[in-house]
Amino acid sequence: MQIYSFSPFGYEGNLVTVEVDLKRGIPAIDMVGLADGAVKESRERMKSAIRNSGFEFPVERVLISLSPADLRKEGAGFDLPVALAVLCASNQNEDSAENSKMLDFPIMSMGELELSGTLRPVRAIHAAVSTARASGISHCIVPAANASEAREVSGMKVFGAENLREAFSAMFNPELFVQAGKERHCESIPENSEKIEGVGFPQVIPGSGFEEIFGQENLVRALQIAAAGAHNILAFGPPGCGKTLAMQRFSSLLPLLTLEEAQSTTRIYSIAGLLSPTEPLVRTPPFRFPHQSSTLEGICGGGPNCRPGEISLAHNGVLFLDEAAEFRTSVLQMLRVPLESGAITLSRAGRSTVFPAKFQLLMASNPCPCGNFGSATKLCLCSSRSIENYWKKFSAPLLDRIDLRIKVDLADEEDFAPKQNYSTALLRQKIAIATKIQRERQGIKNARLKPEQIREICVCTEEARKMLENAITRHDFSPRASAACYKVARTIADMEASEKISAEHMAEAIDLRKFESVFS
C-alpha cells in the first residue's frame, strides 16, 4: 500500500509520499526528506503512540523517507501517516482482521498523535484531501474532528479515526470508509438559511441587520447596490454619522456562496486553520475587519510558509477597512493589483504561490484628520495641507478602483424617531433578484465583468449612453471610471429586472461615482 500525506505551502501545497524500510542494525529511527523540527519530533510521538495503542514497535533500524526529497515538510500532520507506514512495514495485522488483506489502493492520511495514540485535528485537511482527489487518490484517513471537513470534497471516501488503532483497522476494512458528500447543486442551501427569489441568504442574527439603522438613506441605498453587484465602496463623513455601523451590517445583505465559490474559500480557511467545526464548508461570505495597525504581511499574506493574509481570507467576501486613512500607505497601495486581478502572488525562499483574492473592498473614512471638515456646526482645525496629505494616502489609482463613493452627513433628529427605517428582508429582495440574474446570465458579479463583457451585457438606451458621454467630459472620468458606471448601472437595472439600462439607472450610477463633493 502507498501512503501519502500533505505538506501545506501557500494555496497549493504538495502531496508527500511516506515510505518506511526496516533493516538490521542498532535500533534507531532515521528520517530523510528535508523535514522541519515538528516533523522530526514525530519520531518520538509516533513511537510512544504505537506502543500505547497495543502494537509492538519494530526492534530493527527504521528508515523513514518523505519524498520528494527537495521539498521542505512542516507541521504535525505527518504523525499519523508515518505511524501507519511503520505498522504496515512491520506487518502488524490486528487479531480481528487476521484473514483480511491490506487495501491495495493509495491512501492519503494526516493527523497529529498524542502519546496515548489519540488523534488530534490538524489544519489544511480540506486542501490536502482536494489535492489528493485531483491526483487520483480516492481514500483518506483523517482525525475524526476533521472528517466533516474532508467529506466536503466530492468523490473522496473518508474514514475519521479517533485514535491510531482505529486508523490502522481501516486499512483492512474498505467498508469503513464513508463516501464524501452527495453531488450537490448550487441552488441548495444549508439549514438555518432562507431563500429569496431562488437565492439563499443566511438567517439574520438579531442586532446584525439594518432594522437598527436610522436615516442615511443614500448610504443604505449605496450598500444595497454594492451587495447586489459586489462593487467596491468608500463612505466618508464626520465621526458619529453612522457610516461604520451601517457598513458593519453589510454582511447581512450578502447571499450565500455557490458551491464553487465555497470550495475555494473553504480551502483558504482550511490552510489558515480557521475553519469552524460547525461550518466545514464555508457558505457564508467572509467579512474581514482588520485593525488599522495591520502590517503589509498581515494584509497580503506571507511568512515562511506563505500563509493567507486578510485579502485572501476575504476571498468571495468583504474586506472592510474602517478609518481607512489611518492604515499604512504601503498597505493601501498594495490593494490595487489584487482588486484588479482577483489574486495575489507571494514568493518566499525560491518558491511562489498564488492565492485567490476576489474580495469586495469597503472603506470608511473621516473627511479630514479631525473629522470636522465640511461641518456646518463644528470647527475644522486642519490646515489645507494636512487635509490634502490625508487624502493623498488613498492615491488616485486606488480611488479609481472604487465604484461607489458616498458622502455621509450627520442624521437629523427626526431620523431617530422610534420607528424601524429599514427592513433587511426588503433590502435583500432586490439583491436576490440581481444575484439570480447575474448567476444565470454571466456566472459572475457585475463588478467582475471584463471589458468585452461590458459591451455585450451592459446594453443601454441611447439616452443613457449620451448621459454617460456627457458625464465623462464634465467630470473627467477615466476609462476605468466609465466602465464602472456601466457596471453599476447594470446592477441597478438588474435590481429592477430591467433588460436595458435606462437613463434613470445611469444617472444614479454617475451620481454615486463622481467625487466632486468631497471638498465642497
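I started with strand β1, residues 3–7, in this predicted model. I checked its cover: four of its five residues are buried, so by the cut-off of under 20% relative accessible area the strand is mostly covered.

Next I looked up its partners. Strand β2 spans residues 14–23 and pairs with β1 in the antiparallel sense. I find five bridges between β1 and β2.

I then followed the connection. β1 and β2 form a hairpin, with six residues between them. In the turn I noted G10, which has a positive phi of about 60°.

Which strand pairs with β1 in the parallel sense? I find β5, residues 107–109, joined to β1 over two bridges.

I went on to the whole chain. The protein chain has 520 residues, and 53% of them count as buried. I looked up its secondary structure: 20 helices and 21 strands. The C-alpha atoms fill a box of roughly 85 × 50 × 50 Å along the principal axes.

Residues 24 or more positions apart account for 75% of them in the protein chain.

I noted 58 positive and 62 negative side chains. The centres of these two sets lie 4 Å apart.

Conventions
Residues are numbered from 1 along each chain as its sequence is written. This is a predicted model: local features need pLDDT of at least 70, side-chain atom pairs count only at pLDDT 80 or more; totals for chains, interfaces and linings use all residues. Side-chain values use heavy atoms; hydrogens and water are left out. Buried means under 20% relative accessible area, exposed over 50%, partly exposed in between (1.4 Å probe, protein chains only). Two strands pair if DSSP finds at least two bridges between them. Contact means heavy atoms within 4.5 Å. Lys and Arg count as positive and Asp and Glu as negative; His and the chain ends are not counted. The place of a charge is taken as NZ of Lys, CZ of Arg, CG of Asp or CD of Glu.
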